[in-house]
There are 2 protein chains.
Amino acid sequence: MSKEKPLILVTNDDGITAPGIRALLQVMKEIGDVVVVAPDSPQSGMGHAITISDTLFCDSVTLKENYNHKEYSCSGTPADCVKIATQEILHRKPDLCVSGINHGSNSSINVIYSGTMSAAVEAGVEGIPAIGFSLLDYSLNADFEPCKKYVKAITKNVLKNGLPNGVVLNVNFPKLPAEEIKGIKVCRQANAHWEEEFDKRTNPQGRDYYWLSGRFVNNDEGQDTDEWALENGFVSLVPVQFDLTAHHFMKELNDWKLDE
Amino acid sequence: MSKEKPLILVTNDDGITAPGIRALLQVMKEIGDVVVVAPDSPQSGMGHAITISDTLFCDSVTLKENYNHKEYSCSGTPADCVKIATQEILHRKPDLCVSGINHGSNSSINVIYSGTMSAAVEAGVEGIPAIGFSLLDYSLNADFEPCKKYVKAITKNVLKNGLPNGVVLNVNFPKLPAEEIKGIKVCRQANAHWEEEFDKRTNPQGRDYYWLSGRFVNNDEGQDTDEWALENGFVSLVPVQFDLTAHHFMKELNDWKLDE
């Protein structure tokens, strides 16, 4: 690898063959030296799971696009991919970790369920600047072309400016043709949640089981949120931290009578 | 159920038969009406995983302690347990959700990998006051007796005072006899990480595989952190939020040249 180019670790949670990571890879190859370490199968909804009670496989694989760079398919979660990449494959910290482009939104509260963002957060914990990218289109045939120029712009800015310790970026793209995207908007995470609905069925042996489904509910009327940005044709850019301390509540908590 | 007593959902990530949840249950039965919905098997390290591509079972079970209350064993993750409990079992929001007592620490950065805390966070997202409890002892024979009076005190305070929207509590206990525990300390999450080590082996078919292990590294010298509290004989109490927005970095991010 040339010394001038940044070393970029590419991962995702939809699996190494997903069209989204292929699109991300194309952009990254224009920017740096690339190594792909990604799950061998879809890991959506895995949150920040890690594999601690099972073995991990991580094999070098050859895919159509990987002339000139290496790819590894890992049996673990997105967070596992980042851990094994830095420790066993790259043997050094990459200059950047990018995750995605996810097939489906990781805006607002979805950040906590997101395998895509868990890879970015894991990289951030290890001191690697990191960005998660997601497109609001679950389809395998989603069109990632309109995302590319924004992926490039954000990535170049991160490489140039760096990110503060403890912060990674969460980027979501609206499902729109290129000419209808209005630009990038720096946002806060919207206050939203899922209203669960369980589809209860009975299996052939007579045992009840459930499918989880749900309805996304945005409780936030702010015009500075990622949900607002996406609904209004912008790319949302949310800085995400993994110090989860609710500092604003510490003083009140100290006034509680806990010793009685 | 009596109308005076609060309805308490009890869950964990070590599985429904773990000694830690049994200890937690004993305390909760002194405080309120209790329903247990917990994983049928250990889920440590599951982070905020949810089951979206597979079916979920959730069966009523009878265990030694459950005269007078109901217990359900769920095939999913801790976050799944909370979702299915509120939606399919309780059919209303409980007054409190407690998770644990975990066999092992969930202090500092471990909060993001923790199934115990993901259950508490999931409850918080759904607007339910929630607390995760963990003991710094991985042993199945861990002694939870010294934890009980603190579990009770913190739980009663949460029921009395409530918690702000968007905040849940992360409580960790040092592995100490009762007389050596110095009390409860309100803390922030320490800045720490894991230095991964992968144990690489070769299976009988000649394919390489890995076991994830690692060394915990505390980078934080502050005396206001959960790690400091635990090392110094205190119970750590960290308020945890799930708005992950790094608000302090938004202004700088807005100055980036993203449209060039």
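**Figure 1. Bridge partners at strand 3 of chain B.** Val61(B) has Glu71(B), a residue of strand 4 of chain B, as its bridge partner. The model shown here and in the other views is predicted. Strand 3 and strand 4 (residues 70–74) of chain B run antiparallel and are joined by four bridges.

**Figure 2. The open sheet of chain B.** Nine strands make up this sheet, in the order 3-4-2-1-5-6-7-11-8, with mixed pairing. Strand 3 (58–61) and strand 8 (184–186) of chain B each have a single partner strand and stand at the edges, so one side of each has no neighbour in the sheet. From one strand to the next the twist averages 25 degrees. In general, the strands of a sheet pair through backbone hydrogen bonds, in either a parallel or an antiparallel manner.

Figure 3. The same surface serves both copies, as 97% of the contact residues of chain B recur in chain A.

**Figure 4. The largest cavity.** The structure holds one cavity of 30 Å³ or more, and the volume of the largest cavity is about 280 Å³. Its lining has 23 residues, of which Ile112(A), Leu244(A), His48(B), Ile112(B) and Leu244(B) are the closest to the centre. Helix 3 (115–125) and strand 11 (235–241) of chain A, together with helix 3 (115–125) and strand 11 (235–241) of chain B, are the elements that give two or more residues to this lining. By residue class, the lining of the largest cavity comprises 14 nonpolar, nine polar and no charged residues.

**Figure 5. The second largest pocket.** The second largest pocket has a volume of about 720 Å³. Among the 33 residues lining this pocket, Gly124(A), Val125(A), Glu126(A), Gly127(A) and Phe242(A) are the closest to its centre. At least two lining residues each come from helix 2 (78–89), helix 3 and strand 7 (167–173) of chain A and from strand 9 (192–202) of chain B. Strand 9 of chain B gives the most, with five residues. The lining of the second largest pocket divides into twelve nonpolar, 13 polar and eight charged residues.

Key. Residues are numbered from 1 along each chain as its sequence is written. Chains are lettered from A and ligands numbered from 1 in the order in which they are written. This is a predicted model: local features need pLDDT of at least 70, side-chain atom pairs count only at pLDDT 80 or more; totals for chains, interfaces and linings use all residues. Side-chain values use heavy atoms; hydrogens and water are left out. Contact means heavy atoms within 4.5 Å. On a 1 Å grid over the protein atoms alone, a cavity is a set of points where a 1.4 Å probe fits but cannot get out, and a pocket is an open set with protein on both sides within 12 Å along at least five of seven lines; lining residues have an atom within 4 Å of a point. Grid points are joined across faces, edges and corners, and a volume is the space filled by probe spheres set on the points. Ala, Val, Leu, Ile, Met, Phe, Trp, Tyr, Cys and Pro count as nonpolar, Asp, Glu, Lys and Arg as charged, and the others, Gly among them, as polar. Two strands pair if DSSP finds at least two bridges between them. Axes are lines fitted to C-alpha atoms, for helices over the stretch in contact, and angles run from 0 to 180 degrees between N-to-C directions.
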